Each structure stands twice: as C-alpha cells, then as structure tokens.
Amino acid sequence: MLKILLLFIVLIAGIVLGPVLSGHQGYVLIQTDSKNITTSITGLVIMFLLLQFLLIFIGWCYRRLKSTSTSTHSWLFGGYKRNRARSQTKQALLKLIEGDFKQVERLITRNIDHAESPVVNYLLAAEAAQQRGDYLRTNQYIEQAAEVADKDQLPVDITRVRIQLAQGEINAARNGVDNLLNHAPRHPEVLRLAEQAYSQSGAFSSLIDILPSMLKAKLYSEEKIHKLQQQAYIGLMNQIMAEKGCPGLKTWWKDQSRKVRHAIALQVSMAEHLIECNDHEAAQQIILDGLKQQYDERLLLLIPRLKTNNAEAVQKALTHLLNQHGATPLLNSTMGQVALHHGEWASAESAFKAALTQRPDAHDYAWLADALDKLQKRDEAAQTRNKGFMLTLKRDSDIKA
C-alpha cells in the first residue's frame with residue numbers, strides 16, 4: 001500500500017513539475033455557452049487534487065456529525081435508562097446483603113430491559129421473591145429469565161432447582177438435577193444441588209454414582225466425601241431392609257465389593273439390621289470378621305447384644321483382642337457382659353472389676369453387683385450398687401450445673 005502511495009505521488013509530481021521544468025506546460029480549454037475557461041495542465045491537476053481533498057473533508061465531517069448525532073440520541077433515549085438500571089442493580093445487591101428482599105425485588109425489576117444482563121436481574125428477583133414466600137412471582141421471574149437467556153439456559157436451570165429445593169419440591173428438584181447432570185456432569189454447583197436433591201429424595205444409588213465426580217471436582221474434602229458415601233450406603237441399606245427384608249439385605253451385602261464390606265460403619269449398620277432380624281449368627285460373623293481386620297469400639301459395643309450359642313468364638317475373639325491391644329475399659333466391660341450373659345459369674349466379676357479400676361462407670365457397677373449377687377456376696381454387691389448410684393447422682397448434678 002505504501003509503495004502504491006509513493007508511486008502515485010511521484011506520478012503527480014511528474015505531471016505537475018515536468019511541464020514546468022521543460023517550459024511547455026500546455027493549456028486546457030473549457031468552453032461553455034457564455035464563457036471560455038483556459039488554464040494550464042498544472043493548474044487543472046492542482047484544482048483536481050484540491051477538489052478531492054475537499055470531498056474527503058466533507059465526507060469526514062458528515063460521518064463525524066452522524067456519529068455525534070447517534071451518540072446524543074443514544075444518551076438521550078437509552079443511556080440514561082441503562083445508567084439508571086445499573087445504579088438500581090447495585091442498590092439491589094446491597095439490599096440483598098442486608099436481607100431486605102422486598103427492596104431487592106423492587107429495585108432489580110425496575111428498568112430491567114435496560115440492564116446489562118437482564119437474565120441475572122430476573123434470577124436475582126426470583127431468589128428475592130422466593131425468600132419472601134411469593135412463589136407465583138418466583139415462577140414468573142424464572143420463566144422470564146428463561147425467555148431472555150435464549151440458548152444459555154444453565155444458570156436459569158440451576159436457579160430453578162435451587163429454588164425448588166428451598167420450597168421443598170424435592171421430586172421436581174430431582175428431575176431438574178437429572179437433566180442438569182446430562183448437560184453439565186462436572187459443574188460444581190450442579191453436583192452440590194444433586195447431592196441435596198438425592199439425599200432428600202432418598203436416591204442413594206444416584207448419590208453414590210456422583211461421588212467420584214464430586215471428588216474430582218474437589219467439591220468437598222476427601223474426608224467429607226467418605227462420610228457422604230457411608231451415609232448413602234447406610235441409607236440404601238435401610239431402604240433394602242424396608243423393601244426386601246433381611247434376606248434381600250443379606251443378598252445385597254454379598255454382592256458388594258470387598259471395599260464396601262470392609263467399611264467399619266457399614267459393618268456396624270449391617271450387624272444392627274441382622275440383630276433386629278434376630279439373625280444373631282450372621283451378625284456375629286460380621287462383627288468378628290470386622291474386629292479381625294481392625295479394632296473398632298463401634299463393633300465391640302454390639303457384642304453384648306448378640307444372642308448366639310457360639311459363646312466360645314466370641315470369648316476367643318475378645319481374648320485375642322485383649323492380648324493384641326491391651327486391656328481397655330470397654331474391652332474388659334464387654335468381656336464381663338458376655339460372661340454375665342452365659343452365667344460365668346466369677347469371670348464377669350473379674351472383668352468388671354478390671355474395667356472399673358481403669359475408669360468408673362455406672363453400668364459396670366450395676367453389672368458387677370449382679371455378678372456378686374450370683375456369687376452370694378450380698379454386702380459387696382450392696383456397696384457396689386451404692387457406688388454406682390452415687391456416681392449417677394454426681395453426673396446428673398454436673399450436667400444440670
């Protein structure tokens with residue numbers, strides 16, 4: 001482009017200066033009915049160039065005037081409303097922080113068509129109306145936001161599900177979450193809403209399915225994800241127990257992976273269900289297998305509730321735990337309760353006394369007194385019951401204080 005411009009300048013210079021330098025400028029005759037205009041070629045070229053510059057200048061002035069007129073028109077008829085809408089949106093956000101939802105809705109909906117992002121205004125208005133309990137306006141704002149959003153419906157759908165959860169429309173929220181997961185399966189807010197919808201609707205299988213995505217999205221810590229997983233499995237177990245009974249639950253348990261069957265919290269829940277079904281043999285097997293894998297007091301607390309004829313296996317497991325982990329108060333107390341249930345009064349006495357030596361406990365005092373009664377140690381039994389009674393009174397007074 002620069003080369004063409006230079007060539008054009010050289011050409012004009014040659015036309016103008018050539019005749020001057022050579023002394024032969026020539027002339028140009030322009031004849032009309034009443035006039036004859038004579039000029040040199042050089043003068044004609046100069047006038048032509050001046051005319052071109054004049055036309056360019058007139059065009060620039062026209063474009064400038066048109067641009068100024070458009071800006072003025074925009075400022076007069078649109079700019080004021082846009083500025084007003086922007087100011088009202090800022091005021092509405094401040095009122096939102098203050099919790100004045102009535103003012104939020106009033107400010108956010110004024111000049112909403114001139115707002116920078118009408119979708120956002122409609123969604124904020126829907127949130128404010130929901131907080132006020134005006135569900136009719138809430139739904140109206142959501143629908144208006146959907147119309148304005150055109151193809152970008154994700155924010156609208158997320159807000160709709162959030163409001164449905166707040167209003168207690170759990171089934172509708174669950175359907176909305178299912179659709180959202182199809183379009184945005186790893187969106188953090190979608191996953192968070194899905195967790196709430198599935199938990200509240202009892203869709204524990206669906207909740208378990210999205211936990212890996214929640215972990216990848218770093219929505220929560222690994223510890224919290226693990227707790228959610230345990231809660232989901234326990235909820236699922238409760239559902240299976242209610243729908244299919246103990247046989248269905250045992251079949252489901254066998255089909256689970258080793259990782260699931262080795263989770264202590266799930267072993268505890270499974271054993272509790274089996275005890276409720278009076279399937280004490282199966283419950284005992286789960287408890288003892290779990291204690292072999294990991295010493296956990298939650299499993300230990302279930303042993304006294306067992307009613308099985310295989311007391312030897314329980315006592316053997318407790319003795320092994322005692323040798324492996326040492327004499328803990330709970331372990332000694334558990335051994336005492338098992339011995340008490342099977343009429344081994346002397347063993348029960350020894351175990352309860354060992355537990356009480358480590359820490360005082362009203363229940364252990366009562367169980368020890370029962371064992372002493374069976375051993376015909378009446379005075380010692382009475383003294384033991386009195387100690388347990390005094391300990392209970394002391395703890396009650398400490399709680400009231």
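Predicted model: local features only at pLDDT ≥ 70, side-chain atom pairs only at ≥ 80, totals over all residues.

I get a volume of about 240 Å³ for the largest pocket. Its lining has 13 residues, and Trp253, Ala282, Gln285, Ile286 and Asp289 are the ones nearest the centre. By class, I count 5 nonpolar, 4 polar and 4 charged residues in the lining of this pocket.

Next I wanted to see what a probe finds inside. Rolling a probe the size of a water molecule over the atoms shows where empty space is left. My search of the whole structure turned up 1 cavity of 30 Å³ or more. The volume of the largest cavity comes out at about 80 Å³. Which residues line the largest cavity? I listed Gln284, Ile303, Leu306, Thr308, Ala311, Val314, Val338, His341 and His342. Two helices, α15 (311-325) and α16 (329-341), each supply at least two residues of this lining. I sorted the cavity lining too: 5 nonpolar, 4 polar and no charged residues.

**A helix pair**

Then I turned to packing. Two packed helices are described by the angle between their axes and the distance between the axes. For α4 (residues 118-132) against α6 (residues 154-166), I have an angle of about 0° and axes 11 Å apart. Angles under 35 degrees count as roughly parallel, so I logged α4 and α6 as roughly parallel to each other. On the α4 side the contact uses Val119, Leu123, Ala126, Glu127 and Gln130. From α6 come Pro155, Val156, Thr159, Arg162, Ile163 and Ala166. The residues of this α4 with α6 contact split into 7 nonpolar, 2 polar and 2 charged.

**One side chain**

Last, I picked Gln230, which sits in helix α10. What does the side chain of Gln230 join to by a polar contact of 2.9 Å? The partner is the side chain of His226. Setting aside neighbours within four places in sequence, I find Gln230 in contact with Ala265 and Leu266.

Note on methods:
Residues numbered from 1 in each chain as written. Heavy atoms only, no water. 1 Å grid on protein atoms, 1.4 Å probe; cavity = no way out; pocket = protein on both sides within 12 Å on 5 of 7 lines; lining within 4 Å. Points joined across faces, edges and corners; volume = space filled by probe spheres on them. Helix = DSSP H or I, 4+ residues; strand = E, 2+ residues; numbered from the N terminus. Nonpolar A, V, L, I, M, F, W, Y, C, P; charged D, E, K, R; others polar. Axes fitted to C-alpha atoms, helices over the stretch in contact; angles between N-to-C directions. Parallel < 35°, antiparallel > 145°, perpendicular 65-115°, else oblique. Contact = heavy atoms within 4.5 Å. Polar contact = N/O pair within 3.5 Å; in protein donor to acceptor, adjacent residues only side chain to side chain.
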